[in-house]
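Reader: I would like to learn how to read a few features of a protein model, one at a time. Could you walk me through them?

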Amino acid sequence: MKNFIYFLLGFLFLCEWTSVHSQEFKLNPTAGYFQNKGVDVMAFDDIYPEGHQSGVSIIMHGNRVATNGDIRFEPTPGQWQPVPVQRKRTPDAATNTITTSLSFPDSSRHLRGFNPMIYPDFQFNYTVTVKGEGSAVVVTVDLDRPVPSEFIGKLGFNLELFPGALFGKPWIMDNKQGIFPQHPNGPTLSQPANYTHSGRFNPNPLADAEHLSGHGRGYNPIIADDIVSEPYAVGKRFTVRPDNSYDRFTIETRGTDLKLYDGRMNHNNGWFVVRSDVPAGATKGAIQWVITPNVVNDWLYPAVIQTSQLGYHPNQPKVAIIELDKRDLKREKPSLYQITENGKKEISLPAGQEWGQFLRYNYLKFDFSGVKEEGLYQVVYGNSASSVFRIAKDVYERGAWQPVLEYFLPVQMCHMRVNEKYRVWHDLCHEDDARMAPVNYNHIDGYSQGASTLTKYNPGDVVPGINIGGWHDAGDFDLRVESQAGESYILALAYEAFKVDYDATSIDQLKRITEIHQPDGKADILQQVENGALSVVGAYRALGRLYRGIICNDLRQYVLLGDAGAMTDGIVGNEDDRWVFTENNPMRELTTAAQLAAVSRVLRGFNDTLSLQSLQAARELYKVTEVTSRARSAKIHAATELYLTTGEKEYKDFLLSETKYITENISQVGWYIARAEKAMKDSKFTKAIHDALPGLRKQFESQSSETPYGIPYRPRIWGAGWDIQSLGYRYYFLHAAYPDIFGPDIVYNALNFVLGCHPGSNTASFASGVGVKSATVGYGLNRADWSYIPGGVVSGTALIRPDFPELLEFPFLWQQVEYVLGGGSSHYMFLVLAARKLLSNETVR
């Protein structure tokens, strides 16, 4: 009732605010962006221009249609092109404006950092002012100085249009008409590159500009302006989707021409771009656009019914979440229909319950947990309907967790040829791994080698024995230690908890061939645990320490789409070989020690040699790694797994000595200390742990109440799916150890979130190929084909700040549809197995 009262008061305020400002774009002081019924215009709320989330953005009738409205140095920038630094954002309801101050360059990113960029030699400040004027918004750009001659025609204001919704759709530029093409079309346009006028904004850059740019040998993604598509059209007035009242908007320039570019000409993941160049000599009012979105007066966001796309076990909680426009006060009665051979039959159930507002929507919860009869079902609310789903005892028995083992993990295997009957997923790859990375080097993708290799190898030396095992991480093909050891660890704990004995794949590490759907008499999950350990332990023995990771050495290799076998030539010791990096990172080293200790347990009797080597590495890392304040929890983690593996007093005594720290940090360490506490059988330690658990339970209760999904949703850049799965995975161990304190609901809620019960209009299962509707366009090795890898679990619904949940069907948005190792799919598999055990308590076969 309290939530409903809050909802009603909020709705009445919204009605009053909307009636006053009908047919106008007004800055909503609460939301922080411009609203006009079903159309919103945001300005610099978001933080991720490389991922098409920043600048001026337009959301029309439930869909984001344009974004990244801002000044850029290229007509069609990509991931590695310079972005500004945002200084100050000032919303002003009195003047109906949002004014944002920005600057070039961002010196912290010039040849430095996770995603190093090369900034042109032009330092300036500018403001972008967005003002609501009746049915339009006016965008004005003011520069603090004129553009130098070398950058005339290079600096401009861009607005990116989401291509996935535009293929085959019309546009109009003045008196010219066209259709947005499915693929980019020539001719191309050549022009001088900004790279020839690079600035010097860091006195000691860590990245090598020459190496980043490919030494001028052909195409390189960091140079995005030397060859671009010729504009499809040039003019003063541009209309997108003139055929559709829900997506139609017009841009009119009050200055330099509008140009329509295709960003996919030089970046496969590019978007369509509307652009105006900054004219010579211009400062005040250098760019001025009038953007007029069409507003459908009576449009309301259609109700979205969110259920598990896979279905439910009869005994598990079953709650449909119904997402509603917050302007919609009308309430329908949700209905559950059983679908029989004679048609639909309504099941009598209580009405849905108001939950309240979350993000930009209101929510109802419709509980049908009491329905236990097996069959096909569908939830209906007004004119909206959920996907058809099953209620069945065998809902998790086939095609649920198995695709992770049958497809995803085999396809991701490195140093391997992967076949599936007629199909070759990828050829034998990276036989020439790897050469020692250069020192004092800032590589792409977050790798950074310090002043020493920390090994006996010199930069450029071939490191033998590390061209075996491992999995490619998502579409990047690299092997990070946390993803390799972490993946093996999750699989090892799944094997221990659920005794998974499933064989659908043949894996031959000697012949380097994997055959999908060709059983070999060995448990697939143990073969995959082995695959990760071969990489991590093999590298540890070769280097005398852990690797940070193995990754391609240049950007052209990094953006490879397709067969991993095409990245290098397989010949050891030449310039296309991947590099191996090392680091001094106590927290990561001790976490890896914990993971290898657990891996050692499950490999006993399967690969005894590798089991012993894993344990030896874990012991050594535990002994020699310096414990910093940040690494203290990791030391406890390592001692936990080493004790469970060996039962040795040294590790038990250490855990007992850390009782105070453990209880004070139970939210961080509780999930793994729970298993050790049960095994240690120390009454004083047990009491201390039990005394700390009620406080932890309250934390979970508070987090669960944040959303209607019974699970916290806190995305930053990537969709929150992986974090939610990780939470459910860790929570399971608390429930298994202390079921009287921690109920099972968070396990079910996390699983249901992944399987379709999540915010936004796209209710697809994040697990590709699992459920009635799933993410069948994923950011994996085959993303250029708009395809997917079964069993891969995408990052999931992202948040377009401040309040718009989004999951687009587009293969190049890594923050929404990327696959990952060291969690993701394996956490999902674990959750399915956990739910199955909780519901049936049977051994998995």
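Author: Gladly, and let us begin with pairing: two strands pair if DSSP finds at least two bridges between them. Helices (H or I, at least four residues) and strands (E, at least two) are DSSP runs, numbered from the N terminus. This is a predicted model, in which local features need pLDDT of at least 70 and side-chain atom pairs count only at pLDDT 80 or more, while totals for chains, interfaces and linings use all residues. Residues are numbered from 1 along each chain as its sequence is written, and side-chain values use heavy atoms, with hydrogens and water left out.

Reader: How many bridges join strand 10 to strand 19, and in which sense do they run?

Author: Strand 10 and strand 19 (residues 272-277) run antiparallel and are joined by six bridges. Within that pairing, N158 stands opposite R275 of strand 19. Strand 5 (residues 63-72) also runs antiparallel to strand 10, with five bridges between them. There, A66 faces L161 of strand 10 as its opposite residue.

Reader: How should I read the side chains of strand 10, and are its residues buried or exposed?

Author: In a regular strand the side chains alternate between the two faces of the sheet. In strand 10, G156, N158 and E160 point one way, F157, L159 and L161 point the other way, and all are buried. Buried means under 20% relative accessible area, exposed over 50%, and partly exposed in between (1.4 Å probe, protein chains only). Because six of the six residues of strand 10 (residues 156-161) are buried, the strand is largely enclosed by the rest of the structure.

Reader: In what order do the strands of the nine-strand open sheet come?

Author: The order is 6-7-8-9-20-17-16-11-12, with antiparallel pairing. Strand 6 (85-92) and strand 12 (176-179) are the edge strands, each pairing on one side only. From one strand to the next, the twist averages 15°. T97 has K131 of strand 8 as its bridge partner.

Reader: Let us turn to helices. Which residues of helix 10 are buried?

Author: Helix 10 (residues 649-657) has Y651, F654 and L655 as its buried residues. They cover an arc of only 100° around the axis, so they lie on the same side of helix 10; the arc is that of the directions from the helix axis to the C-beta atoms. The face turned away from that buried side carries K649 and S657, which are exposed. Among the elements covering the buried residues are helix 8 (608-624), helix 9 (632-646) and helix 13 (683-704). Contact here means heavy atoms within 4.5 Å.

Reader: And how do I describe two helices that pack together?

Author: Two packed helices are described by the angle between their axes and the distance between the axes. Axes are lines fitted to C-alpha atoms, for helices over the stretch in contact, and angles run from 0 to 180 degrees between N-to-C directions. The axes of helix 14 (residues 721-737) and helix 17 (residues 825-840) come within 9 Å and cross at roughly 35°. The residues of this contact divide into eight nonpolar, five polar and one charged. In that count, Ala, Val, Leu, Ile, Met, Phe, Trp, Tyr, Cys and Pro are nonpolar, Asp, Glu, Lys and Arg are charged, and the others, Gly among them, are polar.

Reader: Where does L838 lie?

Author: L838 lies in helix 17. With a relative accessible area of 28%, L838 is partly exposed. Leaving aside neighbours within four places in sequence, L838 is in contact with Y732, H735, P744, V747 and Y748.

Reader: What should I look for in the backbone itself?

Author: Most residues other than glycine have a negative phi, and most peptide bonds are trans. N68, in strand 5, has a positive phi of about 60° although it is not a glycine. N68 is buried, with a relative accessible area of 4%. H415 is another non-glycine residue with a positive phi, of about 55°. H415 sits in the loop between helix 3 (402-412) and strand 31 (417-420), and is buried at a relative accessible area of 0%.

Reader: Which residues does the cis peptide bond with omega of about 0° join?

Author: That cis bond joins F104 and P105, and P105 is found in the loop between strand 7 and strand 8. Another cis peptide bond joins R801 and P802, with omega of about 10°. P802 belongs to the loop between strand 41 (798-800) and strand 42 (804-806).
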